[in-house]
Amino acid sequence: MGNYHIYMVAILAFIIVRQMSAADVSAEMDTISSDNDTTAEDDCNDEYYSPCSCRRDRYNNQSIFVVCSKASVTQVRDVFRRSTHPQMYSFSFLANHNDPPMTIYSVPVDFLADKRATRISLYGYSKGSSWLPKLAIDSLAFRSTNANVRFLELSYWDLLLQTDFSFLQGFHGLEQLTLSFNDNLAAFQYLPVPFPALRSLYIHHCSDLKQAPFPNLTLSNSNLEELSMPYNDLDDQTVNETLASLVAGGLSNSISSIDVSGNRLTTMPNQIAFFSHLTSLFVTDNSISWIPSSSISLTSPHINMNFLHLNGNNIIGIGSDAFKGNFSTTQVGLNFNRLTLFEENVFKDMLEQMVSIQPAIGSVIVSSNAFVCGCDLAWLIRDHRHLLPVVKGGVCSSRMSFEELDPESFVGCYEQTTVDSLTTDNSSSNGAFSAATAKLYILQLIGLTFLAFVQTMQL
C-alpha cells in the first residue's frame, strides 16, 4: 500500500472517531474508568483476600471468584468483613485437610458479612482423608445473599450436627441444590419450602438418605425438572415412596429427568408410569434381573424420551411388550446385562419406530450381553434386516456381531409367528422365563432335525 493510501485511511479513521456522539464517548470513558478503578482492582488479589484467593472473570471484570481452601471459618468471615466488592459469582470453601479428625466447622451468623454470591460450594473432603469433618451452619449464615444464590453444593461432610436446613430459608432464587458424599443426612427431610425456582435436585453417594423421609416439594413450592438420586443405597420401597410423594405433590408433570442409578433396585419403579413429561430415565447399575411386560410405558402424548438407560443390571429377560409407547427418538441402553435372546415381541415395534425417522435418532444398544443367536434371531437377521442399523453393539456368544450373521443361515428356521405363539408373559417369575426358553430351543432342535431328515431322504 502506497503512502497516499495510508494517509487516506488515517484521515478516514480520524473522521469516524470525530463523529462519535458525546454520549458514546462519555459511556466509553465511564467503562474504562470503572475497569481501572484502584479500589476495584485492589479488591480482588490474593494479598487483599488472604488467606483466600480471588480472581476475576476474564470476560466480565466485575464478576469475581473467591476460593478459601486453607482458611478457618473465622478467617473467612474476616475476609468478607474487610472486602468491599459486594457481589461474587462464586464462593467456595474447602476444609483444611491438616485439621485434626472430628473437626467441627461451625458456620456463623453473617458468614459472608454483607456480601452476595450466585454460587456457594462448601467442601469438607480432602483427597486421602478417611474421615468427614462435621458441619453446622447457623440459620442466619447466608442471610445477606439468600435472595441471590442460584446454585448451592454441600459435599463430603458429616451432617450429624445439622439438625435442620433452616439456613436455606428465603432461598427463593435457588435453581440447583447438590448434596453429595455426605453422612447423616436425616435433616434433609426438614428442607424449608418454598423453592419456587428450584429446577435440579442432585443427591448422590449419601448412604443414609433412605432413613429420611423425602421433603414436601409440592407443585406450589417448586417446578422441579431434574431429580438425580444415584448411588444412595436406596431400595425398591424407598425409591417408590419418594416418587409417589412427588406424584402426590403434583410434580409428575414438571419432572423431565429421573436418575436412580447405582442403588439396590430389584424391579423397575412402578411410579415411573405417572411421570408424563419424562425425557430421560436412568436406572443403571442396579440389581434388576427381569423387565415385566408393560413396565416401561411412554403412552403420554407429552413424553418425548431421549434416554432410557438400563445398563449394568444383570437383566436375563424382558417380557413381551415391556416397552409401550413412542420410542422413536430414544436411546435405549441395555449394555452389560445377561440377555441371551433378542426377541421380536420385545423389540420389533420399538425398532420400527426408530427407523421411521431418517436419519435415525433412536437406537437400542446391547453390547456386553451373551446372545445365543439361534433361530430366535431370524426375525431380525432374515426377515427385518432393515432394522439392524438401529441395533448397536449386538454380539453373539460366538463373538460374531449381528451384522456379520448371514441371513441364509436362518433359511431353515421356522416362521417367527410360531415362536411368538409359544412365548409367554414372564412377568410372574423367572421360572416361567426359563421354561419358555427351554421350549424354544427344543422346537429349534426338532425343526432342524426334521429338515436334515427330509434332505437325507431326497438324496
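This is a predicted model: local features need pLDDT of at least 70, side-chain atom pairs count only at pLDDT 80 or more; totals for chains, interfaces and linings use all residues.
User: How many aromatic pairs does a search of the whole structure find?
Analyst: The search returns 20 aromatic pairs. One of them joins Phe93 and Phe111 in an edge-to-face arrangement, with 6.5 Å centre to centre and 80° between the planes.

User: Where in the chain are Phe93 and Phe111?
Analyst: Phe93 belongs to strand β3 (residues 87-94), whereas Phe111 lies in the loop between β4 (104-107) and β5 (116-123). The two are 18 residues apart, and the pair links distant parts of the chain.

User: Are Phe93 and Phe111 buried or exposed?
Analyst: Both Phe93 and Phe111 are buried.

User: Why is the pair of Phe282 and Phe307 stacked?
Analyst: The planes of Phe282 and Phe307 are at 25°, with the ring centres 6.3 Å apart, so the pair is stacked; planes under 30 degrees apart count as such. This pair also links distant parts of the chain, with Phe282 in strand β12 (residues 280-282) and Phe307 in strand β15 (residues 307-309). Phe307 is partly exposed, at a relative accessible area of 34%.

User: Which residues do ring pairs link into a cluster?
Analyst: The cluster consists of Phe80, Phe91, Phe93, Tyr105, Phe111, Phe142 and Trp157.

User: Turning to charges, which ring does the charged end of Arg119 sit over?
Analyst: The charged end of Arg119 is over the ring of Phe151, 4.2 Å from its centre. Arg55 lies over the face of Phe65, at 4.2 Å from the ring centre.

User: Where is Thr145 placed?
Analyst: Thr145 is in the loop between β6 (134-137) and β7 (151-155). Thr145 is buried, with a relative accessible area of 0%, and its contacts include Leu112 and Arg116.

Definitions and conventions: Residues are numbered from 1 along each chain as its sequence is written. Side-chain values use heavy atoms; hydrogens and water are left out. Helices (H or I, at least four residues) and strands (E, at least two) are DSSP runs, numbered from the N terminus. Buried means under 20% relative accessible area, exposed over 50%, partly exposed in between (1.4 Å probe, protein chains only). Contact means heavy atoms within 4.5 Å. Rings of Phe, Tyr and Trp (its six-membered ring) pair if their centres lie within 6.5 Å; planes under 30 degrees apart count as stacked, over 60 as edge-to-face and the rest as tilted. A charge sits over a ring if NZ of Lys or CZ of Arg is within 6 Å of the ring centre and within 35 degrees of the ring normal. Lists of a residue's contacts leave out its neighbours within four places in sequence.
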